[in-house]
Amino acid sequence: MTRTYATGEQYERRYMAECCRCGRRRHKAGTWPDGYVCRTCSDRAVRTRGICPGCGQDRALPGLRPGDGVPICTTCAGFSRTFDCSRCGFEGKLLGGRLCERCTLSDRLTALLDDGTGRIRPALVPLFNLLVAMEKPGSGLAWLAMRRSQPANASRLLQQLGLGQISLTHDAFHELQPWRTAAHLEELLMTSGVLPTVDKYLCSFQRWLPGHLASITDSEHVKTIRLFATWRVLPRLRARAERSHITPSVRRFAAEQIKYATAFLQWLGQRNNSLASCGQIDIDAWWAESSEHGRTCLRAFLSWAMQTRNCPRSLSIPAMKVSRRAALSEDERLDALGRLLTDTEIPIRLRVAGVIVLLYAQPVSRIVRLSVDDVVHDGDTLLLRLGKPASPGPAPVAALLLEHIANRDNMNTATSPASQWLFPGRRAGQPARPDHLSALLNEAGIPASAARGAAIRQQLLELPAPVVADALGYHNKTTSRLIRETGGTWSRYAAGDHTRSPTSRPPRGAGDS
């Protein structure tokens, strides 16, 4: 890099020095009582806060006490400068104009959300308040600075929102690119109440569909796939979202149905055939050539096509094969449970999620929907509200849950300023992704599906199916089927008012782990 104001030697002498904190030769951020300090160490030091051991005040602690190196405030350390914001007086990292990060973020958002009158667009005031109130405003500044070279970065989208160039509707955001930035901003608007809340995976599918349709070259295929998506796939997704919530696997399967329907139409075209003239021989040939997953995904499209007379109604769709993954043995379940309760090397959120799977037989998709309100701490007793009645937690499990609640991840940005999710996600107002959490559990040696199967089967061997269903949130038909498969002795138990929880006794092995 060419510098007109200094030669390489002059720049090295004037602006570079060995940092007194890290020992590396870096750009000088200033001269402190203990020597030159680099920018990295300076930023880290001024963000350190707590009670100063010298004066007892709650302040920033950038200084180091001689002798033991304990962080102390600027007054006790003898600094010749202060780190007080020139506007709000907050002591911390200062940016341009000696403003703190929060005041700087406020100024930048005010400029971006300006409606052209010098004020924030009134409809976007809740979004402004949400962003400014984040625990770490530096994260907001970093988000605004991302991808500055791209035309549709976060700052540009906010500016267009302020000027009214982007309407405050979900449909408008589904057309924006890059879709990740637009989706994150859409979720922030839903969290702040500017946009009505809609399931994010439903939004994701609606954002993906136009791009897929644009990639199809045959206009008749486009028409057919659009009809299938509009009258079959989307209504079922909306009904699922209204009933409970859409999981990533449900969203992924909906897209796979569209993809395999498209592939089937193209395959028919290669055979000089069409959907209207499709015969049983074509269905049988596709079934013979495709994987079981492909057959499962195409089933809905063929069923819809026959019902709507887009293909002959006389076609027969082969029966679907149902396969189940083998559950863990009871010894494997107890070994995994003991490891999660004692191994501090495993991240605590994975330990908690794994224990809920192994002990309470909960699917990961339901675990991520639990809130801190579902953990009821009543004196010495901790209850986990999964059904009726709530299930008690043994002492080791209770301690682990309380420690996790006090130290949850993803609580320092605008996405989760006061999140009640037991497992907060990185996206605005959303819990953790169940597929991501399941993959992390698998890496930790806890296959979620197999572990859940082992847990529910063990519960059914020890208690009646209606009791287990009520307490763990299962359907009675599911537990009745499972108890027949496991050979349980409670098949003739009469359903009624059950007060005993399947975990009211200490689980075998859990208290000893």
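This is a predicted model: local features need pLDDT of at least 70, side-chain atom pairs count only at pLDDT 80 or more; totals for chains, interfaces and linings use all residues.
Author: Residues are numbered from 1 along each chain as its sequence is written, and side-chain values use heavy atoms, with hydrogens and water left out.

Reader: Why is Ser-192 called buried?

Author: Buried means under 20% relative accessible area, exposed means over 50%, and partly exposed lies in between, with a 1.4 Å probe and protein chains only. Ser-192 has 18% relative accessibility, and therefore counts as buried. Its place is in the loop between helix H9 (179-191) and helix H10 (200-214), where helices (H or I, at least four residues) and strands (E, at least two) are DSSP runs, numbered from the N terminus.

Reader: What is Ser-192 in contact with, leaving aside its neighbours within four places in sequence?

Author: With contact meaning heavy atoms within 4.5 Å, Ser-192 is in contact with Pro-126, Leu-127 and Leu-130. The C-alpha atoms of Ser-192 and Pro-126 are separated by 5.5 Å, although the two are 66 residues apart along the chain.

Reader: What makes Glu-12 and Arg-25 a salt bridge?

Author: A salt bridge is a side-chain nitrogen of Lys or Arg within 4 Å of a carboxyl oxygen of Asp or Glu, and the side chains of Glu-12 and Arg-25 meet at 2.4 Å, N to O. The pair links distant parts of the chain, 13 residues apart, with Glu-12 in helix H1 (residues 8-15) and Arg-25 in strand E2. Glu-12, at 32% relative accessibility, counts as partly exposed, and Arg-25 is also partly exposed, with a relative accessible area of 46%.

Reader: Why can the pair of Arg-87 and Asp-107 be said to tie together parts of the chain?

Author: The side chains of Arg-87 and Asp-107 meet in a salt bridge of 2.8 Å, N to O. Arg-87 lies in the loop between helix H3 (74-77) and strand E8 (94-95), whereas Asp-107 lies in helix H4 (residues 101-112), so the pair ties together parts that are 20 residues apart in sequence.

Reader: Where do Glu-330 and Arg-333 lie, and are they buried or exposed?

Author: Both lie in helix H15 (residues 330-342), three residues apart, about one turn of the helix, and both Glu-330 and Arg-333 are buried. Their side chains meet in a salt bridge of 2.9 Å, N to O. An α-helix has 3.6 residues a turn, so residues three or four places apart point the same way.

Reader: How many aromatic pairs does the structure hold, and why is the pair of Phe-79 and Phe-83 called edge-to-face?

Author: The structure holds 10 aromatic pairs. The rings of Phe-79 and Phe-83 have their centres 6.0 Å apart and their planes at 70°, so the pair is edge-to-face. The rule is that rings of Phe, Tyr and Trp (its six-membered ring) pair if their centres lie within 6.5 Å, planes under 30 degrees apart counting as stacked, over 60 as edge-to-face and the rest as tilted. Phe-79 is buried, with a relative accessible area of 13%, and Phe-83 is buried, with 5%; together with Trp-32 they form one aromatic cluster.

Reader: Where does Trp-32 stand in relation to strand E3?

Author: Trp-32 stands opposite Gly-35 in E3. Two strands pair if DSSP finds at least two bridges between them, and four bridges join strand E2 (residues 25-32) to strand E3 (residues 35-38), which run antiparallel.
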